[in-house]
Amino acid sequence: MSGIYIHIPFCKLACHYCDFHFSTSLKKKDELIHALAKELLMRKTEFEHTTVDTIYFGGGTPSLLSISEIQFLIDTIHQHFTVSEAPEITLEANPDDLSVSKIEMLAQSPVNRLSIGIQSFFEADLKLMNRAHNSTEAIECLEEATKHFDNISIDLIYGIPGLTNAKWQENIEKALSYNIPHISSYALTVEPKTALERFIKKGIIENVDDDAAQEQFHILIDTLEAHDFVHYELSNFGKANYFSRNNSAYWQGKPYLGIGPSAHSFNGNERSWNVRNNSIYIQNIENDILPKETETLTTTDKYNEYIMTGLRTIWGVSLDKVAQDFGKNYKDYLLLQAESFINQQLLYIDNEKLLVTKKGKFLSDGIASDLFKINL
């Protein structure tokens, strides 16, 4: 089984914290849609011997596409790839795009999962982040979307300057009131060269407080687990049978094809990524050139990626798999490096799997990097 990710690089507004590839100009949207379809055709041989189980429209803001454009790209995938009988088809969407008529039309389309970028139900937070929607639109879109879609995920951001624990708790409770079965939640991160970084440097916005973010992360875990959510990945919580099949495949090292400018792909041995420029991407595709760079992963690269993804999930890092796939010396190295984290009660071993404790979850990416093997 494998997945196809389609990057839609358009947004109405530039969120202050975002460093993904996008454009606020829709001038080249038609050309881009046709280039995406052509890239799917050009790369169909890469998935000749596998079945596509998930299709994910990410961005950017894929909900800016019309229903016919979404349908066209899904039809193109069916035309060139073997697709499973019941694929998970996710559309990332912003609340301001999800009008009643748009939701009704999406419900009639093959899209069967919505990932809605709510981020916060508070106006002040949305303005600070320069989101295109307001709190009223966030509420209205959920009221309508839950009438038509069973499988909905929403994004919430914590660690926002000025966000108190009480307001954060209110955000979570508001999300729970709609019986949403999946929540993705991230700490606000100050990425280089973003508007957020500039505003913090100028003192316009106060800096992100890591301690406050960690506290809100634990409030999130405790509240969602009390409501029968499984914290199955560092930033993702799902009820039974509602884990993201697309993202779970990524964390479990399954192959995926990334289509569109800046999209990444992985086939088990190689990682590739497309150029981060809409015009160059379109021009290359029109000239039958795949505008991508490719990196062949070494054994050490694969080991490091397995450690990073494994420690983020409830599936952990299998010590048997490390020994089998990478060699006994890698397993010995891992156990040696993990010892101090086990002593600090940040990691533990259960049933031959290395896992992160609740205390260690917020620090899991840093812990993983300390377990990486540097020398080949």
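I took helices (H or I, at least four residues) and strands (E, at least two) as DSSP runs, numbered from the N terminus. The model is predicted: local features need pLDDT of at least 70, side-chain atom pairs count only at pLDDT 80 or more, and totals for chains, interfaces and linings use all residues. Residues are numbered from 1 along each chain as its sequence is written, and side-chain values use heavy atoms, with hydrogens and water left out.

**Entry 1: salt bridges**

I looked up charge pairs next. A salt bridge here is a side-chain nitrogen of Lys or Arg within 4 Å of a carboxyl oxygen of Asp or Glu. That rule gives 16 salt bridges.

I began with helix α5 (residues 135-148), which holds both K147 and E144. They sit three residues apart, about one turn of the helix. Their closest N and O atoms are 3.3 Å apart, and they form a salt bridge. For burial I used under 20% relative accessible area as buried, over 50% as exposed, and partly exposed in between (1.4 Å probe, protein chains only). K147 counts as exposed because its relative accessibility is 61%. E144 counts as buried because its value is 10%.

I then checked E39 and R43. Their side chains meet in a salt bridge at 2.9 Å, N to O. E39 is buried, and R43 is buried as well.

Helix α12 (residues 319-326) holds D325 and K321, four residues apart, about one turn of the helix. I also found K12, D96 and D97 joined into one network by salt bridges that share partners. D325 is partly exposed because its relative accessibility is 38%. K321, at 34%, is therefore partly exposed.

**Entry 2: a sheet**

I traced an open sheet of three strands, ordered β13-β15-β14, with antiparallel pairing. The edge strands are β13 (317-318) and β14 (347-350), each pairing on one side only. Two strands pair if DSSP finds at least two bridges between them. β13 and β15 (residues 353-356) pair in the antiparallel sense over two bridges. I noted that V317 has L354 in β15 as its bridge partner.

**Entry 3: a charged patch**

I found a negative surface patch formed by E206, D209, D210, D211 and E215. Patch residues have over 30% relative accessible area and no salt bridge; like charges are joined within 9 Å, and nonpolar side chains (Val, Leu, Ile, Met, Phe, Trp, Tyr) within 5 Å. Asp and Glu count as negative. I placed E206 in the loop between α7 (195-201) and α8 (210-226). E206 counts as exposed because its relative accessibility is 54%.

Key:
Accessible areas come from the Shrake-Rupley method with a 1.4 Å probe; for residues, only the protein chains shown count as cover. The place of a charge is taken as NZ of Lys, CZ of Arg, CG of Asp or CD of Glu.
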